[in-house]
Amino acid sequence: MTSTPELPLFIGGRATPSASQDRFANINPATGEVLAMVHEADKRDVDAAVVAAQAGFREWSALPGMARGRVLLRAAALMRERRDELAETEVRDTGKPISETPFADVDSAIDALEFYGGLAADIKGDHLDLGSTAFAYTRREPLGVCVGIGAWNYPLQIAAWKSAPALATGNAMIFKPSELTPTNAMKLAEIYQQAGLPDGVFNVVHGRSETGHLLASHPGVNKISFTGSVPTGRKVFGDAAAGLKQATLELGGKSPLIIFSDAQLSNAVSAAMNANFYSMGEVCSNGTRVFVHEDLHADFMALLKARTEAMTIGDPMDPTTRVGPLISKAHRDRVLEYVRLGIEEGAYLVTGGEPVNVPGFEDGNFVSPAIFDACQDDMRICKEEIFGPVMSVLTFREEEEVVERANATEFGLAAGVFTQNLTLAHRVVARLQAGSCWINNYNLTPAGVPFGGIRQSGIGRENCRETLDHFTQVKSVYVELGDVECDY
Ligand SMILES: NC(=O)C1=CN([C@@H]2O[C@H](COP(=O)(O)OP(=O)(O)OC[C@H]3O[C@@H](n4cnc5c(N)ncnc54)[C@H](O)[C@@H]3O)[C@@H](O)[C@H]2O)C=CC1
């Protein structure tokens, strides 16, 4: 009989057992199998990670940007060699289908490493002319030890989106993956090390909320980059405020997708499905409020229903599968509770929203993709983030009306507009209160295009050049070439 593997921490360039004896199980959401017993970091471990990161920072920040960029590019190449393995690991940890993870997870992570690897040599300040006898310049300097805290839905992508800009700018990072999906952060640490990253520059600390709090409140930490839910984001921001640390937050959403009557129908349906059912709907930027113009509604619903019912639910390792299990039993129950609530609130359940028994995967958390029609703005299913495969369809008549209703939310992560009238599209997008918008597509996040939210959806932008500003601070230097004026 083989024993369950252990997943230790990664501190100072070494796989390190936690000082605490606490372990928690990492469970495969498709099978219920315990993949590993994960070491939970306590205060001693967090202190050790900070000391290691401070040492790593001294060495790493002294290198020229070109040298740092080269390490990131080597790491990207190593990830590409291990693409299949990383994609399969992501399937086992998250339950997402293998038809997605090589692209949305691994390639997106590789893109981030290549993007920031390329920019590392171009991190620079400004020169200010102050007349013939003086000038000033600014330096963009790293912050020091940065903490990354990740959610469970895109574990490798989040680790890469946070660590690549942090490292490109000369910082060290301590990354805490979600306790539900801890494996690929360890593989990323191995890859960075193999690519030549000095010990201590990228550390992985496992744990749950207490470990996250210990990291966010640690006096030796200079910045926190967080991805997760709004309530946790508030706590992390509170810890950052108490220590006067910088923080960027990528939080949840309840984003609108507006489909005007002239939209190309099959593209609009494709986008609505991607915006609700990709990764089983466990995507922060999902367009879960689908506003469809009354004139298109009947055709839209017919095609949407047929295509949704044709999605294959099953073994996430099977390349033909489109719907895998939800991340955990607790989350599945929460999603099913929202389906029950939607019916109770008077929305019409067109299809799905039921637990699915997949033969051979009796312990899997499968739920069929759900479509609600006849939704009203004030229903809880239309106001609260469900983070599962539940689409709410609402109808509208006028542009003015739909813009107002789309913006009537506490969130502001993303929004989409479908129309062949580009004047209308740009006019509407300009009025939508969201950080990331798409016209005639949805949820694409290429490296270089800023991603992030406003209002309750977060602070800061990831996956773009602006992120470099979030991982650096400006030092200004005044240089005198003339004499010092003095009245004394
Ligand atoms: N805007 C974005 O880019 C994204 C946002 N999300 C959001 O994440 C949420 C789902 O992810 P979950 O992992 O369930 O979120 P969560 O907020 O429960 O956990 C996120 C991370 O925070 C850690 N944590 C928990 N309590 C903490 C504390 N007091 N201090 C510090 N860290 C703590 C967790 O261990 C985990 O690593 C959804 O609301 C979703 O919208 C997810 C992916 C991307």
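Colleague: Is the crossing of α3 and α4 left-handed or right-handed?
Modeller: Keep in mind that this is a predicted model. In it, the crossing of α3 and α4 is right-handed.

Colleague: Which residues of α4 make the contact with α3?
Modeller: Take the α3 side to begin with. It brings R83, L86, A87, E90 and V91. Facing them, α4 brings T101, P102, D105 and V106.

Colleague: At what angle do α3 and α4 pack, and is α3 roughly parallel or roughly perpendicular to α4?
Modeller: Helix α3 covers residues 83-94, and helix α4 covers residues 101-119. Their axes lie 9 Å apart, at an angle of about 110°. An angle of 65 to 115 degrees counts as roughly perpendicular. So α3 is to α4 roughly perpendicular.

Colleague: How do α2 and α6 pack: is α2 roughly perpendicular or oblique to α6?
Modeller: Helix α2 spans residues 65-81 and helix α6 spans residues 183-194. Their axes are 8 Å apart and meet at an angle of about 125°. That makes α2, relative to α6, oblique.

Colleague: Which residues of α6 touch α2 in this contact?
Modeller: The crossing of α2 and α6 is right-handed. From α2 come A75, L78 and M79. From α6 come I191, Y192 and Q194.

Colleague: How many residues of the contact of α2 with α6 are charged?
Modeller: Five residues of this contact are nonpolar. One is polar. The count of charged residues in the contact of α2 with α6 is no charged residue at all: none.

Colleague: Now the ligand. Which helix gives the most to the shell around the ligand?
Modeller: Two helices each supply at least two residues of the shell: α7 (209-216) and α8 (230-242). With four residues, the helix that gives the most is α7.

Colleague: Of the 29 residues around the ligand, which come nearest?
Modeller: By class, the shell has ten nonpolar, 13 polar and six charged residues. Those that come nearest to the ligand are S209, G212, G228, T232 and G252.

Colleague: What is the radius of gyration of the chain?
Modeller: The chain has 15 helices and 21 strands. For 488 residues the globule rule gives 23 Å, and the chain's value is close to that, so the chain is as compact as a globular protein of that length. The radius of gyration is 24 Å.

Technical notes:
Residues are numbered from 1 along each chain as its sequence is written. This is a predicted model: local features need pLDDT of at least 70, side-chain atom pairs count only at pLDDT 80 or more; totals for chains, interfaces and linings use all residues. A residue is near a molecule or strand if its C-beta atom, placed from the backbone, lies within 6 Å of it. Ala, Val, Leu, Ile, Met, Phe, Trp, Tyr, Cys and Pro count as nonpolar, Asp, Glu, Lys and Arg as charged, and the others, Gly among them, as polar. Axes are lines fitted to C-alpha atoms, for helices over the stretch in contact, and angles run from 0 to 180 degrees between N-to-C directions. Angles under 35 degrees count as roughly parallel, over 145 as roughly antiparallel, 65 to 115 as roughly perpendicular and the rest as oblique. A crossing is left-handed if the near helix is turned anticlockwise from the far one by less than a right angle, and right-handed if clockwise. Two residues are in contact if their C-beta atoms, placed from the backbone, lie within 7 Å. The radius of gyration is taken over C-alpha atoms; the globule rule is 2.2 Å times the number of residues to the power 0.38.
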